[in-house]
Amino acid sequence: MRKTIIAVAAAAAIGGTTYLMAGPTAAAEEVTLYKNPQCGCCENYADYLRDNGFTVTVKPTHELVPMSREAGIADDFQGCHLAFINDYVVSGHVPVDTVNRLLTERPNIRGVTLPGMPMGSPGMSGAKTEPFTVYEISGGRPKVYAVE
């Protein structure tokens, strides 16, 4: 009996420590996603974020290109929608693992972008044909942040 009590106490202590060290999760993150009013894949991406615990507000706009430029994203690196999460910008169909990495690591960059509309990316139809290259937005020429 005593061994059982000690084992339960140890498991509770380890679990509590793990919980405290993990920090906040994506479930608490609020996203504002700007998209072209007619774009269905952007709605699919918003649903993908929701399915992964984010709270998403979608705002239709015809100003994505100037908004992306203002966020520091070069024209040839822009995605098909623009999301703001905490102090970061996320452009395009960026996989949630990369979004969570950004929010966990909190690097000193403006955000990340997955240029264009790659087939098979979150929110897009079709099969993935090659790894997705996600770039960091940091003021200069974008550098690779993640490959998924």
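This is a predicted model: local features need pLDDT of at least 70, side-chain atom pairs count only at pLDDT 80 or more; totals for chains, interfaces and linings use all residues.
Biologist: Which residues of helix 4 are called buried, and why?

Modeller: They are Val96, Thr98, Val99, Leu102 and Leu103, within residues 96–105. Buried means under 20% relative accessible area, so each of these five falls below that cut-off.

Biologist: What makes these buried residues line one face of the helix?

Modeller: Look down the axis of helix 4. Its buried residues fall within an arc of 165°, so they line one face. An α-helix has 3.6 residues a turn, so residues three or four places apart point the same way.

Biologist: Which exposed residues does the face turned away from the buried side carry?

Modeller: Asp97 and Thr104. Exposed means over 50% relative accessible area, so both pass that cut-off.

Biologist: What comes just after helix 4?

Modeller: Arg106, with a positive phi of about 50°.

Biologist: How do you know that strand 6 and strand 7 pair?

Modeller: Pairing needs at least two bridges. Strand 6 (residues 133–137) and strand 7 (residues 143–147) have 4, so they count as paired, in the antiparallel sense. For one of the bridges, Glu136 has Lys143 in strand 7 as its partner.

Biologist: What lies between the two strands of this hairpin?

Modeller: There are 5 residues between strand 6 and strand 7. Gly139, in the turn, has a positive phi of about 110°.

How values were computed
Residues are numbered from 1 along each chain as its sequence is written. Side-chain values use heavy atoms; hydrogens and water are left out. Buried means under 20% relative accessible area, exposed over 50%, partly exposed in between (1.4 Å probe, protein chains only). The arc is that of the directions from the helix axis to the C-beta atoms.
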